[in-house]
Each structure stands twice: as C-alpha cells, then as structure tokens.
Amino acid sequence: MLGQKAFDKIEQAKGRLVDISLKMWQHPEGPYREYKACEWISEYLKEEGFEVEVGVAGVPTAIKATWGSGSPAIGLLGELDALPGLSQKVETHQDPIDPNAYGQGCGHNMLGVGALGGAIGLKAEMEASGLAGRVVYFGCPAEEVLTGKSYMARGGAFNDIDYCVEFHPGSVNVVHMGRTTALNSANFHFKGVTAHAGGDPYNGRSALDAVELMNVGANYLREHVTSDVRIHYIITDGGVAPNIVPDRASSKYFVRAFTRETCNDVYERLVRIAKGAAMMTDTEVEIEYLGGCYERLPNLVLSEVMQQALEEAPREAWTAEELQFARELNATRPDRYQKQLEEYELPEGTELCDSVLPISYMDTFGSTDVGDVQHIVPGVSFGTAAWNLGAPGHSWQVTACAGHSIGMKGMIYACKTIALFGLKVLENPEILHKARAEFDKKMAGKQYVCPITPEMLVP
C-alpha cells in the first residue's frame, strides 16, 4: 500500500517527534530567536541522513535540510517561533506559566515538527522504493512577524524546489483554497520640539499631534479603499508626561489586502498621509519599513491531491479524556464554539473534529509569509484538528492543546498526510505538470518581487 513504509517510519519516530514538539512547547522562543528549536530539529535531521544547512539565506535560525537528488523537489515548510504573552499551562482555565512569557498560541511546535515528520516519513518510503527526487525541509523563523520566509526568499532559499506544502494545526481537518491577505508593516517615527505644555506651548512642535493626525488621516482613508483592505495601528510612543510637549512619538501600522499590488498602493497612500501630518505639525517623520508578505496563492491541482491524502492517511481516535478536556475548553468560549459548529456544519456536541471536511474556499483576512513561497513555486495548504473546536486563533486555549495529547495526535496525522501527499505526486508526474500550468496562469506573467528590500537587515 502506498504510504505504508512512510507511516511505519513515522510511528517508529513518534516518540522523538513528540519529544521535540513538547520541548518547543516548554521552551517557546520569539521571532528570530528560535535557537533551541533550530538545534533540536537540525540534529534530528542530521541523524536521519539529511544534509543540513543552518543560517540559510543569512537568517541565523533558518534551516534548509535536503535528502535525495534530482527532481521533483518538494519543499516542506516548518515554522519555529511562538507568540508573546500566550504562556499557558495544560489546563482548561487560563493559568499562565509566566504572564509575560511567550507561548505556543499558534501551535508552531506542532507545525515545525509536523513538516519534520512528513520529511522523514517521505524519505523512508522513497529510499525503500528507489524513488528519485528530493525532500527539502525548511525550518522557518519569525512567521508571527510575517517576514521570516520573506528574508529567506530574498536569499534564494526556495529557488531550487518544484512545489511546497504548508501544514498548519487548527480546529478542523481541511485543505485550504481560500485567500489570505498580503501585508506591509512600518513604524512611523515623528520628531518635533519639546516645550513646557503650560508655560510656552507655542515654542513646541508636538510629535504626538503628528501621530494623531496621521491616525485621523488613515481613518478617513478607509472610506476610499476596496473592501478587502485592512489598516490597523498602535501608538508605540506617545510622550512621557502631559505637561511636556512630546518631541518624539511613534506609531506602528499594518496594511493588508487580498493582492500584493493593492497592499502596496494603500501603503504608499499611508506614507503620504504620514508626510502630510508632519507638514501640518511642523515636525519631521522617519519611516521605518519593516517588510511584508504576499497573499497565499493556493493551487487547486495540488489541493485535490492533498484532499485525497487527508482522507486516506490514518488518524488516531480521540480518547474520552481528550474529549472531556476539549469540552471544558469549549465551555470557556461558547460563542465561538457554536459559530464553528454552524460554519463547518458539524453535529451538535462535536468537541474535537473527527472528520475530513470538503476543500474550503473560505477567505481569511489574516496573513502568512507562506504566500511568498507560493508565489515562487506552486503550493498547497492544509490543516488538521489539533485543538478544541471553539479555540480562537492566537489564544491560551491553543497553547493548552499544543502541550496536550490532542495537539500531538493532530501533528502525527499531519506527518502521515504530508508523506502520503508527496508520494502521490511522485507516482504521477502529470500532477506537477498540471500544477505548474495552473500556477503560471494565476501569475499571468508576473514575477515574485521580495517585500524585503536589499538594504534591510535580519532583525
């Protein structure tokens, strides 16, 4: 049976895979600081016979591990970073290990290791069957700041693969054909002149006034953009005391849209608003562009093959303890839980998804730098149920499940799905030919232009 040797290898390696994933959960690391995760994953890949490069494309915690030769080359995208403020014990009530610490609130400990398990499973069956091709695992840092893969792409990390796979843990088992948004982000630093706010305010030039006027301008801009555009901001520095005219103030902005072109256009309009705010307040503005990412570009040909793999790969049944754990978590967000039941048309009382849904064409206004890789080569995205149905994204509930057997079962299921998908493509070269034709049609002659400009340094 196709995939059996891969499944056997993943089962054999399950203890090690779960151990690495739980160590990443116990030691969550922020963007571009994923040193432990990078070390644990790299060492295991070396043991499994992969040629491992750490620091690929000049990104210190980026991994590129290759096994095999020739074509086709499959790129498996792992992610390594955690989220700030989402520390949480494996409990069904909010109880952080450290309220100020990072936590696996997006499940990247499962994501990074899910792709890892898929890579070693695929290698095992290719090796046993004498199948030609290359398996390339990418350990990608800093997805949560949406630039890790963009920096890697700038350095050419993905130029020698033929197609790519993105797995992301979630609340359901599903292949994603929906879009995400492209994104640009920047800090806007205004510089004015300080003065006594009561005694001689006329001698001051308020940088905070400039920040606030920029925000007003941005809010008026919302009326004159397409409905897919999202603009959001925070004030990162607003001064130190009310009786001092602030000579420095800053804000941070995200601009999102369903196409890179629209995102860039709105961002340039925002830049002009910032410059206008500086003119109105007689201040100066320094714009610190932080980079961005492309929208996801899902491939239907690959998605249909992934759907087959998701339906055929073996998955472990949920235990009574796991269902009870999920039930208690769902009770913390009954609104979200009910919405998910309705959205996915699941039976009442479903605490953990135990079926494979049809391919989803639902768009999301979130962003991921996976879109950059999918604008270089054809790509597919899918998720497995690794947390309770009602868990919001980026939440303590997700962190709790990411350290629980619920998350580990979803991860191992993803490993097997990835391996089976890769084997199906290898068995039928026509799949990749059709996927490339679809990719070329969607790109319509456009070329990938990295959102990370040449002078930008890795944070």
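**Reading the fold and strand 11**

Modeller: Let's begin with charge: the mean positions of the 40 positive and 60 negative charges of the protein chain lie 2 Å apart. Lys and Arg count as positive, Asp and Glu as negative, with His and the chain ends not counted; each charge is placed at NZ of Lys, CZ of Arg, CG of Asp or CD of Glu. Keep in mind that this is a predicted model, where local features need pLDDT of at least 70 and side-chain atom pairs pLDDT 80 or more, while totals for chains, interfaces and linings use all residues. Residues are numbered from 1 along each chain as its sequence is written, and side-chain values use heavy atoms, leaving out hydrogens and water.

Colleague: How many helices and strands does the protein chain have?

Modeller: Helices (H or I, at least four residues) and strands (E, at least two) are DSSP runs, numbered from the N terminus. Here there are 13 helices and 13 strands.

Colleague: What share of the residues of the protein chain counts as buried?

Modeller: Buried means under 20% relative accessible area, exposed over 50%, partly exposed in between, with a 1.4 Å probe and protein chains only. For this chain, 57% of the 459 residues are buried.

Colleague: Why is strand 11 largely enclosed?

Modeller: In strand 11 (residues 248–257), 7 of the 10 residues are buried, so the rest of the structure largely encloses it.

Colleague: Which strands run antiparallel to strand 11?

Modeller: Two strands pair if DSSP finds at least two bridges between them. Strand 9 (residues 182–191) joins strand 11 through 10 bridges, with Asn187 opposite Lys252. Strand 10 (residues 230–237) joins strand 11 through 7 bridges, and Arg230 has Arg256 as its bridge partner.
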